[in-house]
Amino acid sequence: MPYLPAGFEVPPFLPHEHGFAEGCRLRELRLQRCTDCGRFRQPPAPRCAHCRSNRSDWTAVSGRGEIYTYTIVRHAANPVLREALPYNVVVVLLDGTEGVRLVSNLIDTAPEHIRIGQRVVLHWDIRDAMPLPCFRLDPDAEIIHG
Ligand code: ZN
């Protein structure tokens with residue numbers, strides 16, 4: 001069952017996001033990387049913000065990371081999302097990406113138990129037969145008190 005209600009439609013992928021979408025279909029988290037300067041582009045873009053190159057390829061990453069920040073949504077701007085309230089939106093700082101942050105959702109965790117800095121692992125949320133990346137708490141992470 002998807003994290004957000006079935007009636008919530010995911011926007012279509014744009015042409016320069018095809019590598020991300022292809023990775024999702026294969027359940028592999030792929031990030032766009034500039035082939036000239038080597039920096040990641042997230043979100044994907046036709047041109048590199050650093051060197052203006054239009055050349056890029058797609059690099060698979062582990063999907064491990066930590067919660068950089070998050071919010072709990074308690075008012076649904078989209079009526080379709082009312083049944084999911086309260087739901088979370090997390091920004092995950094991905095390991096091994098030199099600072100790439102991915103906006104997503106954290107599953108299987110009550111809002112009051114989410115904290116900045118928690119370790120997370122990738123989980124594929126199946127929506128209309130399309131796997132989309134979301135996260136769950138890393139069961140192997142050390143428990144941080146305080
Ligand atoms: Zn570049």
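Modeller: Keep in mind that this is a predicted model. The protein chain is divided into domain 1, residues 10-60, and domain 2, residues 62-146.

Biologist: How far apart are the C-alpha centres of the two domains?
Modeller: Those of domain 1 and domain 2 lie 21 Å apart.

Biologist: And how many residues are in contact between them?
Modeller: On the domain 1 side there are 8 residues, in contact with 12 residues of domain 2. Sorted by class, the side of domain 1 that touches domain 2 has 5 nonpolar, 1 polar and 2 charged residues.

Biologist: OK, let's switch to the sheet. In what order do the strands sit?
Modeller: The order is E6-E5-E4-E7-E8, with 5 strands forming an open sheet and antiparallel pairing.

Biologist: Which strands stand at the edges, and why is one side of each left without a neighbour?
Modeller: Strand E6 (101-104) and strand E8 (130-137) are at the edges; each has a single partner strand, so one side of each has no neighbour in the sheet. As for the twist, the average is 30 degrees from one strand to the next.

Biologist: Can you take me through the pairings? How many bridges do E4 and E5 have?
Modeller: There are 8 bridges between strand E4 (residues 65-73) and strand E5 (residues 87-94), paired in the antiparallel sense. To find one of them, look for Thr 69, whose bridge partner in E5 is Val 91.

Biologist: How many bridges between E4 and E7, then?
Modeller: E4 pairs with strand E7 (residues 119-127) over 2 bridges, in the antiparallel sense. Glu 66 has Arg 119 of E7 as its bridge partner.

Biologist: And what joins E7 to E8?
Modeller: Those two run antiparallel and are joined by 8 bridges. Ile 126, for instance, has Pro 131 in E8 as its bridge partner. The hairpin of E7 and E8 has 2 residues between the strands, and Asp 128 takes a positive phi near 50 degrees there.

Biologist: Why point out a positive phi?
Modeller: Because most residues other than glycine have a negative phi, and most peptide bonds are trans.

Biologist: Is Asp 108 buried or exposed?
Modeller: Exposed, because Asp 108 has 11 C-beta neighbours inside 10 Å, and 12 or fewer counts as exposed. Ala 110 also lies in the loop between E6 and E7, and with 9 C-beta neighbours inside 10 Å, Ala 110 counts as exposed too.

Biologist: How far is Ala 110 from Trp 124?
Modeller: Their C-alpha atoms are separated by 19 Å, with the two residues 14 apart along the chain.

Biologist: Changing topic: what about Arg 52?
Modeller: Arg 52 has a positive phi near 70 degrees, in a residue other than glycine. Look for Arg 52 in the loop between E2 and E3. Arg 52 has 10 C-beta neighbours inside 10 Å, so Arg 52 counts as exposed.

Note on methods: Residues numbered from 1 in each chain as written. Predicted model: local features only at pLDDT ≥ 70, side-chain atom pairs only at ≥ 80, totals over all residues. Pairing = 2+ DSSP bridges. Helix = DSSP H or I, 4+ residues; strand = E, 2+ residues; numbered from the N terminus. Axes fitted to C-alpha atoms, helices over the stretch in contact; angles between N-to-C directions. Buried ≥ 20, exposed ≤ 12 C-beta atoms within 10 Å, placed from the backbone. Domains from an automatic or database assignment. Contact = placed C-beta atoms within 7 Å. Nonpolar A, V, L, I, M, F, W, Y, C, P; charged D, E, K, R; others polar.
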